[in-house]
Amino acid sequence: MVLQMIMCRVASFMRSNRKNVAVLAFWLTVIWIYHSWLSSSNTIPELEDDNDVSRYIDDTVGNVDLDKMFGWRQKVADDKVVYESAFHKTVTDAPVESLDSCTDGVLKDGDESPDLEELSCFNGTLEPHDTIVVPNMVHYIWYTCHEYKFYNFLSILSAYRILQADRILFHTDCEPIGRWWNETKLIPVLDVIIEEPKQTIFGRKINEWWPQHFADIGRIRALMEYGGIYLDVDVFVVNSMKRLRHYDFVMGRPKRALQLNNGILVAQKNSDFLRLYHDSYRNYNSSCYLCNSMQNVNQLAYENRDLLHIEYCTLGCSTKESLQAQITDIMDWKSTSYSLHYWKKSVVYSLTPESIKTLNTTLGEVARYLYYGNTAMLKIGSKPRIWYNLPLGE
């Protein structure tokens, strides 16, 4: 009887609001079609052995336009730096000075890229402190509900095993579920901080269609409150960052990119550059994806070079060569990098505990190093020790 009454009321409502119901149905259909397309386009098969991986790489990597995806191009026009990608064309207000007047020695000897000359004026000159000023605390931002995967677990595991963090703060408004989150919660220094992302910044409404903007602001606020190291949840730490913790503020510059990467930030609590970075959001541009978080901060670094230290390509590179080296080759990651960025939109195979055993690539080595404590390849079906049976740092 109750069900019949409800059905009658629903039918009555639909008859009296046919136009609104039709509009709602149309947009729900559009959203469903878009979501289905997005899910299918990002689907990566679970590859169980190295033969599967090799075949998939051969079939897929050749079809990925890496130049379009990661090929930043720079030039000088009208005394201004122009940097462009497949998605952005932006001109900074900073004039290009001569190398003689502004180089600070960050450019590497023997680098054959002419584009790097344009970067010299944008490198930080901050001197390190004699003592550590940044706490050994790592922050992650996880806003909105979405799937938590094995590579996300590996990222947090790397902060625990490699950085040997005193605390790992996981800031979220929707705590993940599933196998890999359950395993993450075994990490003894993990603290889950339940928080709602701020909806405005200096009175400006944050664009809800770009949830990344909430995370961009959330990481700055977390560092202002606590200090420490911020990591994207797809960054694999491979070497200690103790040296970087002697600086008030550190960002990384991907090779040949006239922008700074905010996927890794090292900051003393409420440091001068961090406050300037936060204040730059007074001019928050809700219609531009990267302007506030990565492009404008490059201009800020140019104007305040004495307030930050910039790492050149050791906190992750975004070139075609480095991406190719990560996903198909073996690179010398132990002596050249603090971390690797798992570009999940570009990697053509998935990482699983079983597939990484025979994955003969840089990502395979790093994943085995983090999860099994050994870079050597393993036999499919073998049962080696895993992370919680390994001493820290092994």
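Visitor: In which helix do D272 and R275 both lie, and how many residues apart are they?

Guide: First, a word on the source: this is a predicted model, in which local features need pLDDT of at least 70 and side-chain atom pairs count only at pLDDT 80 or more, while totals for chains, interfaces and linings use all residues. Residues are numbered from 1 along each chain as its sequence is written, and side-chain values use heavy atoms, with hydrogens and water left out. An α-helix has 3.6 residues a turn, so residues three or four places apart point the same way. Here D272 and R275 both belong to helix α9, residues 272-279, and stand three residues apart, about one turn of the helix; helices (H or I, at least four residues) and strands (E, at least two) are DSSP runs, numbered from the N terminus.

Visitor: What do the side chains of D272 and R275 form, and how far apart are the closest N and O atoms?

Guide: Side chains of opposite charge can pair when their charged atoms come close. D272 and R275 form a salt bridge with the closest N and O atoms 2.5 Å apart, the term standing for a side-chain nitrogen of Lys or Arg within 4 Å of a carboxyl oxygen of Asp or Glu. By this rule the count comes to seven salt bridges.

Visitor: How is the accessibility of D272 classed?

Guide: The classes rest on relative accessible area: buried means under 20%, exposed over 50%, and partly exposed in between, with a 1.4 Å probe and protein chains only. D272, at 41% relative accessibility, counts as partly exposed, and R275, at 34%, also counts as partly exposed.

Visitor: Are R219 and D232, which meet in another salt bridge, buried or exposed?

Guide: Both R219 and D232 are buried, and their side chains meet in a salt bridge at 3.4 Å, N to O. This pair links distant parts of the chain, since R219 is in helix α8 (residues 211-226) and D232 in the loop between β9 (228-231) and β10 (235-237), 13 residues apart. A further salt bridge joins K357 to E354, with 3.1 Å between the closest N and O atoms; K357 counts as buried at 3% relative accessibility, whereas E354 is partly exposed with a relative accessible area of 22%. Salt bridges that share partners also join D216, R219 and D232 into one network.

Visitor: How many aromatic pairs does the structure hold?

Guide: A pair of aromatic rings is described by the distance of the centres and the angle of the planes. The structure holds 20 aromatic pairs, where rings of Phe, Tyr and Trp (its six-membered ring) pair if their centres lie within 6.5 Å, and planes under 30 degrees apart count as stacked, over 60 as edge-to-face and the rest as tilted. One of them is Y148 with F170, whose ring centres are 6.4 Å apart and whose planes stand at 75°, so the pair is edge-to-face. Y148 lies in the loop between β4 (137-142) and α6 (150-161), and F170 in strand β5 (residues 167-172), 22 residues apart; both Y148 and F170 are buried.

Visitor: Why does the pair of Y160 and W387 count as edge-to-face?

Guide: The ring centres of Y160 and W387 are 6.4 Å apart and the planes are at 90°, so the pair is edge-to-face. Y160 is in helix α6 and W387 in the segment after α13 (362-371), 227 residues apart. Y160 is buried, with a relative accessible area of 15%, and W387 counts as buried at 4%. Together with F150, F153, W180, Y371 and Y372, Y160 and W387 form one aromatic cluster.

Visitor: Where does the charged end of K334 sit?

Guide: A charge sits over a ring if NZ of Lys or CZ of Arg is within 6 Å of the ring centre and within 35 degrees of the ring normal. The charged end of K334 sits over the ring of Y369, 5.9 Å from its centre, and R305 lies over the face of Y302, at 5.5 Å from the ring centre.

Visitor: Where in helix α10 is the kink centred?

Guide: Helix α10 (residues 291-303) has a kink of about 35° centred on V297, the bend at a residue being the angle between axes fitted to the seven residues ending there and the seven starting there. Eleven of the 13 residues of α10 are buried, V297 and Y302 among them.
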